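Here's a quick briefing to read with the model open beside you. Take a look at the chain, then go through the points by topic.

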Amino acid sequence: MSDLNYLYGAPLSKADFKTTAEDFMVDEDLGIEFTGNGEHVCLQVVKKGENTQYVAKIIAQKAGVSPRDVSYAGMKDRHGVCSQWFSVKVPIKKHIDFTELNSESIFIVSQQRHERKLRTGCHKGNKFTITLRNVTEPLDILCRINAVRSGVPNYFGEQRFGRDGHNLVMAEKMFAGERIRDKKLRGIIISAARSHIFNQLVSLRVKEHGLAKTMHREVFMLSGSNAFFEDAINDENIARLASGDIVMSAPMAGKSDKGLTEQEKIWLKPYQAWCEGLGELGLKNERRMLRLIPDNLAVETLDNTTLKLSFGLPKGCFATALLRELVDYTDASPKERKEKDNGINEDTVK
């Protein structure tokens with residue numbers, strides 16, 4: 001993400017991020033009321049130092065089913081303390097005590113019956129508590145807080161692109177004709193490609209127009225929906241933007257140029273081959289909101305070099321998109337430290 005334009009200029013302060021697991025805490029806001037009956041058991045799990053797939057695997061083993069029969073709303077970072085919900089199909093007359101899975105890294109908070117399984121993206125959002133350590137210019141971060149409250153570019157985070165952007169290297173090979181048989185891997189690569197194009201277009205817009213200024217024509221999204229429409233800026237749309245009924249958006253590239261403004265078509269020309277490849281794979285043009293506005297952003301000074309941030313984000317949005325506008329952070333998680341010890345240049349670790 002280092003090549004993407006900043007909305008408020010590059011931050012002056014540096015800091016360490018994820019020094020300990022407790023420095024990155026995430027609570028999934030599911031926003032669902034469970035029915036209390038049905039053949040699906042929903043589990044709220046707090047995990048520390050484990051990835052989502054591993055937790056799904058041990059839940060499957062406990063339930064005696066395949067890992068693909070365990071579902072969850074969204075992926076959560078391994079290097080942190082994260083709560084999230086899983087669901088697994090269990091016969092109504094069968095009771096499984098999933099608390100027997102409790103360990104130093106996994107804790108079952110709750111299990112409830114529900115009539116439907118959880119699906120990817122069914123959650124409302126996530127709440128973050130992030131502790132920054134070894135902060136070099138805390139005053140610069142504090143000065144940026146109010147600006148960031150009004151929104152930041154809704155960039156996809158670096159984790160979407162793999163180690164050293166490997167997923168984008170694979171995307172280039174795929175669009176050049178290399179066949180990727182693994183369906184899951186292919187999906188990850190496609191997602192990375194679309195996310196990269198989105199980031200580049202948003203970065204261009206930040207550079208040329210910022211995020212507050214509208215263009216003569218915009219593609220608006222209905223708030224809380226994937227529905228979108230193109231229209232000229234007018235009194236009605238200005239009022240709807242101000243009320244939050246609609247938001248400005250940027251394209252998630254796909255088949256054809258339908259639903260794109262003329263300016264977006266110009267910006268997309270360098271990525272035409274990738275767009276054509278995505279179209280051949282059957283992906284349609286979609287939209288993603290342009291500006292990411294944090295909910296209840298707060299900062300607490302713990303000491304002269306330590307700050308704690310708390311905020312909520314909608315589903316599918318990345319905490320690092322907000323964090324990069326506040327501070328030049330270094331990921332100090334165990335994996336990063338190990339790679340640094342093995343001689344990998346810190347600047348290459350994204």
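First, pLDDT is the predictor's confidence in each residue, from 0 to 100. By that score the protein chain averages 91, with 95% of the residues at 70 or above. Residues are numbered from 1 along each chain as its sequence is written, and side-chain values use heavy atoms, with hydrogens and water left out.

**Confidence along the chain**

- Helices (DSSP runs of H or I, at least four residues) and strands (E, at least two) are numbered from the N terminus.
- Where pLDDT is low, the predicted coordinates should not be read in detail.

**The annotated domain**

- An unreviewed UniProt entry carries the annotation "domain: TRUD" for residues 151-302; positions are in the numbering used here, feature names are shortened, and annotations may be inferred rather than shown by experiment.
- That range is 40% helix and 22% strand, and its end C-alpha atoms sit 25 Å apart.

**Aromatic pairs**

- Rings of Phe, Tyr and Trp (its six-membered ring) pair if their centres lie within 6.5 Å; planes under 30 degrees apart are stacked, over 60 edge-to-face, and the rest tilted.
- The whole structure holds 10 aromatic pairs.
- One of them is Phe24 with Phe128, a tilted pair at 6.1 Å centre to centre and 45° between the planes.
- Phe24 is in strand 2 (residues 24-29) and Phe128 in strand 7 (residues 125-133), so the pair ties together parts 104 residues apart in sequence.
- Phe24, at 6% relative accessibility, counts as buried, and so does Phe128 at 7%; buried means under 20% relative accessible area, exposed over 50%, partly exposed in between (1.4 Å probe, protein chains only).
- Phe156 and Phe198 make an edge-to-face pair, because their ring centres are 5.5 Å apart and their planes at 80°.
- That pair bridges 42 residues, from the loop between strand 8 (152-153) and helix 3 (166-175) to helix 4 (residues 183-208), and both Phe156 and Phe198 are buried.
- Ring pairs also join Phe17, Phe24, Phe128, Phe311 and Tyr329 into a cluster.

**Charges over rings**

- A charge sits over a ring if NZ of Lys or CZ of Arg is within 6 Å of the ring centre and within 35 degrees of the ring normal.
- Arg288 does this over Phe198, 5.4 Å from the ring centre, and Arg324 over Tyr6, at 4.1 Å.

**Nonpolar cores**

- A nonpolar core is a set of buried Ala, Val, Leu, Ile, Met, Phe, Trp, Tyr and Cys residues joined through side-chain atoms within 4.5 Å.
- The largest one has 64 residues, and those touching the most other members are Phe128, Ile130, Leu132, Ile197, Phe311, Leu326 and Val327.
- Helix 4 supplies the largest share of this core, nine residues.
- A second, separate core of 19 residues includes Ala63, Val90, Ile96 and Ile108.
- Leaving aside neighbours within four places in sequence, Phe128 contacts Phe24, Met25, Val26, Leu309, Ser310, Phe311, Leu313 and Ala319.

Notes. Contact = heavy atoms within 4.5 Å.
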